[in-house]
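Let's walk through this one together, one question at a time. Have a look first, and then we'll dig in.

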Amino acid sequence: MAKFILTFALAVLALQSQTPPQLPASQQPPPQQPSEVSTTISGDGGSAPRLAVPDFIAVTTDAESVAIARIVGQVLWDDLNYEREFQFIPRDVNSTIPKATSLTDIPFDRWRELNADGVVVGAVQKVANGVRVDVRIYNVRNHQTAFSRSYTASSANPRAFAHMASDEIFKMQRSLNGVAQSKLTFASDRDGERMGGTVESRQVKEIYIADYDGENQRRVTVLKTLNTFPRWSPDGRSIAYTSYRRGGGQIFISNIYQGTIEEVTKGPTENWLAAWSPDGSKLCIASPRGTSHTNLYVVNRDGSAFRQLTSDRSNNTTPTWSPSGNQIAFVSDRTGQPQIYTIGVDGTGFSRLTADYSDRPTWSPAPYNEIAFSARTGPGFDIRVLDLATRNVRQLTNGEGTNESPAFSPNGRHIAFTSTRSGKKQIFTIARDGRDLRQVTHTGNNEQPDWSPSPKETQR
Amino acid sequence: MKRTLMAMAVACVVAAVACGKKTPPVARPIPPPPPTAAGGGGDANRPPAPPEPVAPPLSVPAVPVPTDNISAASLDDLNRNSPLKPVFFELDSADLSRDGQKSLDETAALMKKYSSWMVTVEGHCDERGTAEYNLALGERRAGAARAYLVSLGISGDRLHIVSYGKEFPFDPGHDEAAFSKNRRAHFVITAK
């Protein structure tokens, strides 16, 4: 067991557990109660607020503080830009404004000339137990403080300061759950390791995690075999995946913060493609169970109480739960080619959703009620999204390589997927309307992404 | 076993002798006459055949050559150059072709001869389906090969199934020539 134990630097967790230290009385911002946010910054005539995010101030002027100030400011700009809820003063324009030297020394008139509605000011300083980062947003029109937070944590992961501030800013200013603190998991062959025990030179795939923007990539499994189709548990603390460690495919769970591993299924038949129920108590799994037809089964997280959900003489696979937990969408080839269907968790209410060759559904989180999937559109696949209310389908990719395995961000506004458009298989993210494509992995082949819940949801 | 070896060794010698008679070792290939030349003259120009050589003595006639390479080989060597030939499939299909059945007939014969072998039947797919769907398709292919072997009298206990979907292509290419090699049931001997 020890060999599977992970040594995570739990910088993010440490950060979350810190309560911001109190500012001196003179700098004390007004108490920020979620129910009395009166300082929401708005744009002109209902347009998106226009923010300036100048470089953060290094209060302690050593090289590390300066470097952290630069990173936090830049990452916060990227994080805030990700949801398209704000407009921004271009970065090169920021440099024409005199640099602030403290959190209160703000050239409001200059920002006003640039039509900024708000200015985000940050300061970084070394303190006894690590680094303290202060983030404020001022309303440029009335000079009032719209947001003020202070974070103290180790300097190990400066980006985490920005991610946390970004999620809090979105929550307070836009009533939106941001995704800056969420993570991706995916399968990768980047380490070039080979499987033992076969004469074919077969590359292993291991499970990795990364921040939502692709930074801080870390390996989760060290199983030296094929490990695929990772899925975050709803509490964001575990990842279920299909591992060939015992020969055939079986479902394993890695508890990433404890560094432990569980074997949910133990054969002899193969089991693949675990999907978590929204409450995290059950998994839906595809398995042939000794027949020549793969069907869906529901099983408790500990592997007990196996229950058959579909029983058709076709392949029924790739399950995904509805956010309510009442329904499961899946793929069946009962008509001769893969199509997407839904079925009630009690086995009733079977319904077909697609007409073209369609595969690998993923149900969106609420409030959206959508299913993203891979549609065969030519030699490869493209990502499509089906709105369950209107049955309208929109296509997010257009034949740039093959595009597979869509996974929704926890707020439903973005989709991660695998694409071959840049050569090897890589993870990309794209906004739900098909804009803002970003490549988040670059080394080796990376595929089958899944997007974690946001920490706020995990603390519910 | 010894008798079999001896019989095979004899057969080898006979074959070698017969071979020697047919092809004199000093004979050179004769270029065909140019198409424009009138036929008939070629043979007349051929040098006289050398005298028939006697059968060359076998260099190591006394030592019985290990003719059963399969029994002698290690599992790795066996799988590296496997006597169990893969079975190939059409796109999105797990139906066994006539050629596939013929190949499985030979696999069944070998598994009967080497009755202690345990075999893993791997199902593989080309890259055109999704990674997820191909797991079920690969399983169906491996299952079809296994069911056919069982129908020929091979115990199902000796045949373990694994589907790898499109994870391990045998040919990394992206054309039909590669795809047709990658849609297969592949056999790995895991114990002998």
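Q: Which residue of β27(A) stands opposite A:F408?
A: Keep in mind that this is a predicted model. Strand β26 (residues 403-408) of chain A runs antiparallel to β27(A), and four bridges join them. Follow that pairing to A:F408, and the residue across from A:F408 is A:I415.

Q: Which residue in the turn between β26(A) and β27(A) has a positive phi?
A: These two strands make a hairpin, with five residues between them. In that turn, a positive phi of about 75 degrees belongs to A:G412.

Q: Why is β26(A) described as largely enclosed by the rest of the structure?
A: Here a residue is called buried if 20 or more other C-beta atoms lie within 10 Å of its own. Go along β26(A) with that in mind: it is largely enclosed because its buried residues number six of six.

Q: Which residues of β27(A) point the other way from A:H414, A:A416 and A:T418?
A: In a regular strand, side chains alternate between the two faces of the sheet. Strand β27 (residues 414-419) of chain A is mostly covered, with six of its six residues buried. A:H414, A:A416 and A:T418 point one way, and the other way point A:I415, A:F417 and A:S419.

Q: Which residue takes a positive phi in the hairpin of β27(A) and β28(A)?
A: This hairpin has six residues between its strands. The one with a positive phi, near 120 degrees, is A:G423.

Q: How far apart are the C-alpha centres of domain 1 and domain 2 of chain A?
A: The domain assignment gives domain 1 as 2-21 + 49-174 and domain 2 as 183-458. Between their C-alpha centres, the distance is 34 Å.

Q: Is the crossing of α2(A) and α5(A) left-handed or right-handed?
A: The axes of helix α2 (residues 63-81) and helix α5 (residues 159-174) of chain A come within 8 Å and cross at roughly 40 degrees. Among the residues that meet there are A:V72 and A:L76 from α2(A), and A:F161 and A:I169 from α5(A). By class, this contact has nine nonpolar, two polar and two charged residues. As for its hand, the crossing is right-handed.

Q: Which strands stand at the edges of the four-stranded sheet in chain B?
A: The sheet is open, with mixed pairing and the order β1-β4-β2-β3. Two strands have a single partner each, so one side of each is left without a neighbour in the sheet: β1 (87-88) and β3 (159-165).

Q: Which residue in β4(B) does B:G123 stand opposite?
A: Strand β2 (residues 118-124) and strand β4 (residues 184-191) of chain B run antiparallel, joined by six bridges. Across from B:G123 is B:A185.

Q: How many residues does chain B give to the contact with chain A?
A: Chain A puts in 27 residues. Those divide into 10 nonpolar, 10 polar and seven charged. From chain B, the number is 17.

Methods: Residues numbered from 1 in each chain as written. Chains lettered and ligands numbered in written order. Predicted model: local features only at pLDDT ≥ 70, side-chain atom pairs only at ≥ 80, totals over all residues. Contact = placed C-beta atoms within 7 Å. Nonpolar A, V, L, I, M, F, W, Y, C, P; charged D, E, K, R; others polar. Axes fitted to C-alpha atoms, helices over the stretch in contact; angles between N-to-C directions. Left-handed = near helix turned anticlockwise from the far one by under 90°. Domains from an automatic or database assignment. Pairing = 2+ DSSP bridges. Buried ≥ 20, exposed ≤ 12 C-beta atoms within 10 Å, placed from the backbone.
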